[in-house]
Amino acid sequence: MAFTPSVGVIGCGSLGTAILQGLLSAKEPKVRPSKILASVTSEASAAKLREALPSVEVHKGENEVVAACDIVILACPPNLMSDVLGGLDKVLQGKLLISVLAGVSTESIKKVAGGAWVVRSLPNLAAAQQASATAVEDFDQDMPAEKVDLATAVIEQFGGVVLLPASIMDASTVVCGSTPAFIALFLDGLIDGAVAAGVPRNKANAMIAQVMGSTTALLGEQKASELRESVCAMPGCTIQGSIALEEGGVRGTAAKTMKMAIEAAKKLG
Ligand SMILES: NC(=O)c1ccc[n+]([C@@H]2O[C@H](COP(=O)([O-])OP(=O)(O)OC[C@H]3O[C@@H](n4cnc5c(N)ncnc54)[C@H](OP(=O)(O)O)[C@@H]3O)[C@@H](O)[C@H]2O)c1
């Protein structure tokens, strides 16, 4: 039987909208929200949200959203967490509060909303296609089993879940949240190279997108280093391309990208 909670999103911008799109368009949903409410601050964002998700009740403040919902998804800018949750502790009492804020620890959320059952998660924008890679912090050991089951069902409805200890959640923010942008930047370069060799841009884009799916399938079977070696097995074009990548310092640059982004993630909250 499906869960039928009322769901509220506080700060329903890009990620909040993607999560709701994923929740609402799942083919075999374990969670069928009885109703969905969302808050934004500006009229422009409210209009955009109403157009994207007509079934969602849009509000300009969080009080009504939190009061009406069993589950609250917190998706406002991370630096506003205390302002947004301040004063809501009573109404959040006993509710499930799923945070998607980058760089904000569970501990700091509990200081402001100690009465809620807090779940820290880091999804990405592919939530809209139920394809998020979501890092979820190990659940509070005292959290009732039904809350754990409900939170798990909600988060799994918009993608895959990896459970992790609190100590590596900032790193996972970048690994799960930022990596699509890093990969897209790299792919943009590959597409430019294909265009320079005469491939029409739209065809290059379509092929590279398909190849990403192929790479994902192969990575289910082997490590990244093994995949690279197996495709580079013969003397030919792939090894030549790989040498060019190594000359450009791609591996060190990729590692440094992660390292710097993780340092920045630690300062977000
Ligand atoms: N985008 C990602 O890929 C990603 C990945 C992982 C985690 N996150 C986290 O998800 C959160 C949202 O990111 P986003 O990319 O969706 O940002 P966004 O598009 O800017 O959305 C932020 C939302 O918060 C609302 N907001 C601003 N001030 C508010 C306030 N005082 N009270 C309530 N709502 C307020 C904004 O409404 P108005 O537009 O009306 O001001 C907007 O709807 C951030 O904490 C971020 O760290 C994002």
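The protein is divided into domain 1, residues 6-164, and domain 2, residues 172-266, with bounds that come from an automatic or database domain assignment. Residues are numbered from 1 along each chain as its sequence is written. This is a predicted model, in which local features need pLDDT of at least 70 and side-chain atom pairs count only at pLDDT 80 or more, while totals for chains, interfaces and linings use all residues.

The C-alpha centres of domain 1 and domain 2 lie 31 Å apart. Across the boundary, 10 residues of domain 1 are in contact with 7 residues of domain 2; contact means C-beta atoms, placed from the backbone, within 7 Å. On the domain 1 side, β7 gives the most, with 3 residues. By class, that side has 7 nonpolar, 3 polar and no charged residues. For the classes, Ala, Val, Leu, Ile, Met, Phe, Trp, Tyr, Cys and Pro count as nonpolar, Asp, Glu, Lys and Arg as charged, and the others, Gly among them, as polar.

Next, the sheet. It is open, has 8 strands in the order β3-β2-β1-β4-β5-β6-β7-β8, and its pairing is mixed. Strands here are DSSP runs of E, at least two residues, and helices are runs of H or I, at least four, numbered from the N terminus. Two strands pair if DSSP finds at least two bridges between them. The edge strands, pairing on one side only, are β3 (57-59) and β8 (159-164). On average, neighbouring strands are turned by 25 degrees against each other, direction ignored. Axes are lines fitted to C-alpha atoms, for helices over the stretch in contact, and angles run from 0 to 180 degrees between N-to-C directions.

Strands β1 (residues 6-10) and β4 (residues 71-74) run parallel and are joined by 4 bridges. Valine 9 stands opposite isoleucine 73 in β4. Helix α1 packs on the sheet, where it touches β1, β2 (35-39), β4 and β7 (132-137), and its direction makes about 160 degrees with that of β1.

Now the ligand. Which of the 27 residues around it come nearest? They are Gly11, Gly13, Ser45, Ala102 and Gly177; near means a C-beta atom, placed from the backbone, within 6 Å. The elements giving two or more residues to this shell are α1 (14-25) and α4 (81-85). The largest share, 3 residues, comes from α1. The shell divides into 15 nonpolar, 10 polar and 2 charged residues.

Technical notes
Two residues are in contact if their C-beta atoms, placed from the backbone, lie within 7 Å.
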